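Here is a short tour of one protein model. Keep the sequence and the 3D view open as you read.

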Amino acid sequence: MTGRNDVHDRYRGPLHTPIQSSGSTAVHKPPLTMSQNSHRRLKIVAGADPFGSAMKDALVSHLQSLAIEVEDLGTDNYYSVGEKVGRIVSSVTNSPDTETRGLVACGTGVGVSIFANKFPGVYAATCLTPADAANARSISNCNVIAFSGMSTSLDSAIETLDTFLNTPFLSPCPASKSEPWPENIQTFLDTSLTEMSKIGTTPPISVISCSICNLAAGREFSPIEIMPGGSMKIVRETPTSAIVRFTAGSIEPGHHHTHGHDLVVMKGRKIVWNLTKSERHELGVGDYLFTPAGDVHRVKYLEDTEFFIRWDGNWDIEFDEDLAAATSQLEKEA
């Protein structure tokens with residue numbers, strides 16, 4: 001059994017009077033003994049809706065009795081409070097000296113955890129028992145704990161919170177029958193946080209709604225040797241269609257083609273100067289431009305940019321100025 005002194009020793013704070021519930025004078029102890037390798041200062045960001053407010057207030061008092069720093073956001077509706085706690089935990093960069101976690105409470109503990117989980121790097125779990133907290137910390141490195149203000153007793157909640165404080169990631173837990181994880185599961189868990197952080201960041205090809213964008217997915221691009229910063233993937237040879245990419249800051253010197261071409265910007269921003277017609281076009285995502293055959297044009301890329309381009313015939317290029325001349329001219333116009 002691990003007592004309150006274990007929490008106190010980890011977080012280096014003075015031990016105060018134990019929290020009492022409904023006249024009880026029992027000292028609440030975490031049910032599991034967890035080895036602590038970290039001695040970083042812990043900060044808890046806490047908030048609740050009206051149904052979890054009393055529970056949150058009692059748990060905040062418990063944390064303060066352990067000399068753990070608490071940022072108490074008070075009581076708000078359960079959409080807002082889950083968002084506020086999740087946003088703060090997501091935005092904080094944990095330092096070698098301080099670790100920031102979250103605590104939320106509502107009627108069931110489910111809603112606030114869902115809203116907190118909307119933010120990258122937040123792993124919120126509703127924990128109704130100490131076993132829930134041990135499993136959530138050990139398996140998923142849970143950094144926001146959600147409590148039910150309607151169905152959990154204060155004694156159980158304090159014991160659950162202490163377990164949340166004392167359980168390191170990958171430690172033995174009820175799910176592992178309090179034994180070290182088998183090697184195959186340990187290997188999986190070693191990479192799980194990295195894999196979890198990727199979820200939702202890149203949609204699978206099947207859900208990309210843009211048909212043109214699908215042409216670029218999974219294709220290898222070849223550098224355009226005559227234009228630094230550019231790369232291209234030919235989609236069709238005659239008439240030529242291609243997906244083209246340029247890095248931010250790249251410049252296409254003045255040039256022309258034998259055939260006119262259409263282009264649609266899929267990503268980023270670029271400026272096209274049609275020097276033949278003295279026109280300037282700033283293009284962003286979804287913008288279209290047709291350049292007639294023989295028109296001399298110069299291009300500057302304001303961001304990493306990707307676009308679809310189609311020539312009326314075979315692709316060719318004739319330069320009307322070199323890169324140094326183009327760069328010099330653009331500097332004069334800046």
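A residue counts as buried when its relative accessible area is under 20%. The model is predicted.

**Helix H2**

Start with H2, residues 53-65. Its buried residues are Ser53, Met55, Lys56, Ala58, Leu59, Val60, His62, Leu63 and Ser65. At 1.5 Å a residue, the 13 residues of H2 should span 18 Å, and the end C-alpha atoms are 18 Å apart, which agrees. Just after H2, Ala67 has a positive phi of about 60 degrees.

**The cores**

In soluble globular proteins, nonpolar side chains tend to be buried together. The largest nonpolar core here has 27 residues. Leu59 and Leu63 are among those that touch the most other members. H6 gives the largest share, six residues. Which residues does Leu63 contact, leaving aside its neighbours within four places in sequence? They are Ile44, Ile68, Val70, Leu103, Leu161 and Leu165. Another core, of 17 residues, lies apart from the largest one; Ile224 and Phe307 are among its members.

**The five-strand sheet**

An open sheet has the strand order S12-S11-S14-S9-S16, with antiparallel pairing. S12 and S16 stand at the edges with a single partner strand each, so one side of each has no neighbour in the sheet. Three bridges join S9 to S14. Glu252 stands opposite Val299 in S14. Helix H9, residues 323-333, lies across S9, S11 and S14, at about 110 degrees to S9.

| Strand | Residues |
|---|---|
| S9 | residues 251-256 |
| S11 | residues 270-274 |
| S12 | residues 279-283 |
| S14 | residues 297-301 |
| S16 | residues 318-319 |

Definitions and conventions
Residues are numbered from 1 along each chain as its sequence is written. This is a predicted model: local features need pLDDT of at least 70, side-chain atom pairs count only at pLDDT 80 or more; totals for chains, interfaces and linings use all residues. Side-chain values use heavy atoms; hydrogens and water are left out. Helices (H or I, at least four residues) and strands (E, at least two) are DSSP runs, numbered from the N terminus. The expected span of a helix is 1.5 Å times one less than its number of residues. Buried means under 20% relative accessible area, exposed over 50%, partly exposed in between (1.4 Å probe, protein chains only). Two strands pair if DSSP finds at least two bridges between them. Contact means heavy atoms within 4.5 Å. Axes are lines fitted to C-alpha atoms, for helices over the stretch in contact, and angles run from 0 to 180 degrees between N-to-C directions. A nonpolar core is a set of buried Ala, Val, Leu, Ile, Met, Phe, Trp, Tyr and Cys residues joined through side-chain atoms within 4.5 Å.
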